[in-house]
Amino acid sequence: MKTDLEIANSVEMKPIEQIAAKVGLSADDLELYGKYKAKIADYSEFLDQAGRKSRLVLVTAINPTPAGEGKTTTTVGLTDALNRVGKTAMAALREPSLGPVFGVKGGAAGGGYAQVVPMEDINLHFTGDFHAIGAAHNLLAALMDNHIKQGNALSINPSTITLKRVVDMNDRQLRNIVDGVSGGKSGTINGVVREDGFEITVASEVMAILCLAQNIKDLKERLGRIVVAKSFSGVNVTAADLQANGAMAALLKDAIKPNIVQTLEGTPVLIHGGPFANIAHGCNSVIATKTALSLVDKAAGADGIVVTEAGFGADLGAEKFIDIKCRLSGIYPDAVVLVATLRALKSHAGVQKCDLNLENLTSLESGLPNLLQHIQNLKEVFGQKVVVALNKFPTDTPAEIEFATKKCKELGVELVLSDVWAQGGAGGEEMATAVIGLLDSKSSDAESAHRFAYDIDLSVEEKINAICKSVYHADSVTFTPVARKQLVDLEEQGYNNLPICMAKTQYSFSDDASLLGAPRGFSVTIRNLKLSAGAGFVVALTGDVMTMPGLPKVPAANSIDIDEEGNITGLF
């Protein structure tokens with residue numbers, strides 16, 4: 001069987017100018033990064049959504065398992081399929097992070113015959129957006145520490161610093177460090193000695209800001225609101241106080257422009273921004289989504305469809321897509337595709353990976369509640385119209401498919417088979433037809449209203465409780481003494497009106513990765529609350545979730561190589 005990279009290399013890409021022309025972009029609209037990728041030079045004309053008729057489809061999934069679900073593959077294949085059945089469609093995706101590419105899972109540009117290309121570029125440095133984000137973030141950290149060293153006019157209390165450095169690589173060694181240590185000649189001081197650490201670039205508030213900003217002006221203002229520490233008198237110190245946001249925005253002047261590439265079938269795709277949904281809000285940029293919606297609207301009006309995705313399971317990515325991105329941007333999904341595999345559902349019942357290919361209706365029944373709970377959440381909590389896309393595997397049996405179809409039907413949701421990995425868009429036409437039917441169906445007023453998991457006017461504690469109880473189905477929420485103190489601090493500072501960004505394990509509805517399926521009778525522990533004033537939300541860290549991943553025992557990097565002719569192998 002061919003690898004993803006071999007499949008990608010077997011298809012001849014078209015010059016990006018030809019791809020962009022499909023949605024009305026001329027060569028003058030593009031800033032080229034080689035032959036096959038480009039940035040849209042002036043995106044501002046596409047941000048006005050007044051009178052837009054095109055529609056937005058959100059792709060999400062069950063809680064991920066070692067068996068895999070295929071959310072990006074489904075997104076790409078569905079977009080190709082929609083074009084095959086007569087619609088004008090394009091996708092809006094997140095950029096992969098280098099860390100996981102070299103660490104846990106290899107490439108992240110779809111798979112099989114449902115990929116975006118050039119996949120090796122997308123999975124590696126792409127157009128340099130992540131490097132720019134890391135540079136802007138670390139510039140702020142450097143200016144902050146330099147300010148302290150050069151007299152500390154803002155009276156920054158080093159013990160209150162919340163801003164860490166970032167690097168786009170899984171490196172657990174850097175989670176907690178001590179820096180500013182003296183060295184060299186006797187008496188030379190390198191800085192203020194203090195405890196510090198690193199997060200992965202996708203966890204940076206700068207990443208979240210780039211993905212939520214509407215334009216350069218908004219970007220610079222949001223960067224200025226980043227809180228780095230407190231003064232000795234307890235006042236928040238911001239990037240604007242350090243006069244850092246102008247220089248940070250200058251580093252991001254190109255990164256804020258959305259990137260355009262193509263699928264193997266020549267469908268235009270915008271890829272821009274890439275926060276993780278387990279530690280950040282997990283969505284591509286507002287600018288890219290709005291740009292895509294405007295482009296297909298101009299090309300096809302009501303026949304224009306944009307397919308986008310949100311990270312990890314619907315309890316994280318879809319919840320944040322609606323409660324954060326939609327709330328802040330004013331754009332909402334018109335339908336939701338929920339991705340699952342029979343293998344993954346059996347995995348949620350505790351079946352070992354080596355046995356997932358065997359028919360097992362008992363285990364499937366035990367694992368199905370994970371899928372069913374996501375369906376109920378999307379319909380009842382968020383009022384969304386849902387279709388389930390079952391990624392097809394050769395080992396799926398008719399009895400298993402029939403059983404899963406019946407259970408979804410009991411909740412009023414259609415289950416369709418997707419074979420886009422093996423067949424590309426042709427394997428997704430049934431899914432595309434179901435999505436179009438969902439888009440064209442009439443909904444009740446209650447179902448079609450824009451609904452959220454919580455009212456924004458609730459307190460931070462009440463909003464966290466609402467997410468944990470209505471989306472995760474927890475019995476209770478426990479706040480550590482540190483988090484309790486932070487709740488009071490946030491209220492006193494007037495930040496109660498911000499949405500919540502939950503940082504939680506992606507593997508379970510709970511904050512315990514070992515609780516699979518649809519657990520009950522558990523409590524969620526909030527250990528820390530972090531203000532992201534620039535992004536415009538409060539991060540609630542639960543359980544033992546980390547903002548700097550580590551490498552596995554056998555990193556994917558061990559299999560990645562390049563030959564003398566520049567051909568990369570090992571990305572999958």
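Contact here means heavy atoms within 4.5 Å. By that criterion, the buried residues of helix 14 pack against helix 12, helix 13, strand 17 and strand 18. The model is predicted. The secondary structure of the protein comes to 19 helices and 24 strands. Its radius of gyration is 23 Å, close to the 25 Å that the globule rule gives for 572 residues, so the protein is as compact as a globular protein of that length.

**Overall fold**

- The C-alpha trace spans about 75 × 55 × 50 Å along its principal axes.
- Of the 572 residues, 57% count as buried.
- Take the contacts between residues at least 6 apart in sequence: 75% of them join residues at least 24 apart.
- The accessible surface comes to about 22100 Å². Carbon and sulfur atoms account for 51% of that surface.

**Helix 14**

- Helix 14 runs over residues 398–410. At 1.5 Å a residue, its 13 residues should span 18 Å, and the end C-alpha atoms are 18 Å apart, which agrees.
- E400, I401, F403, A404 and C408 are the buried residues of helix 14. They cover an arc of only 160° around the axis, so they sit on the same side of the helix.
- P398, E402, K406, K409 and E410 are exposed on the other side of helix 14.
- The partners of the buried residues include helix 12 (342–347), strand 17 (386–391) and strand 18 (414–418).
- G412 follows helix 14. The phi of G412 is positive, near 75°.

- S347 is found in helix 12. S347 has 10% relative accessibility; buried means under 20%, so S347 counts as buried.
- Beyond its neighbours within four places in sequence, S347 is in contact with T65, P66, L356 and L516.
- S347 and R84 are 263 residues apart in sequence. Their C-alpha atoms are 34 Å apart in space.
- S366 lies in helix 13, which covers residues 361–381. S366 has a relative accessible area of 46% and is partly exposed.
- S366 and A349 are separated by 17 residues in sequence. From C-alpha to C-alpha, S366 and A349 are 5.3 Å apart.

**N284 in its loop**

- N284 sits in the loop between strand 14 (268–271) and helix 10 (286–300). At 0% relative accessibility, N284 counts as buried.
- The N284 side chain makes a polar contact with the side chain of T289 at 3.2 Å. The N284 side chain also makes a polar contact with the side chain of T308, at 3.1 Å.
- Residues up to four places away in sequence aside, N284 touches A92, L93, R94, C211, H272, G273, T289, T308 and K325. Both polar partners, T289 and T308, are on that list.

**T542 in strand 22**

- T542 is found in strand 22, residues 537–542. Its relative accessible area is 1%, so T542 is buried.
- The side chain of T542 reaches the backbone oxygen of A503 at 2.9 Å.
- With residues up to four places away in sequence left out, T542 touches M502, A503, K504, D511, V524, T525, I526 and R527.

Conventions
Residues numbered from 1 in each chain as written. Predicted model: local features only at pLDDT ≥ 70, side-chain atom pairs only at ≥ 80, totals over all residues. Heavy atoms only, no water. Helix = DSSP H or I, 4+ residues; strand = E, 2+ residues; numbered from the N terminus. Buried < 20%, exposed > 50% of the residue type's maximum accessible area, 1.4 Å probe, protein only. Polar contact = N/O pair within 3.5 Å; in protein donor to acceptor, adjacent residues only side chain to side chain. Expected span 1.5 Å × (residues − 1). Arc of directions from axis to C-beta. Rg over C-alpha atoms; globule rule 2.2 N^0.38 Å. Areas by Shrake-Rupley, 256 points an atom, 1.4 Å probe, with all protein chains shown as cover.
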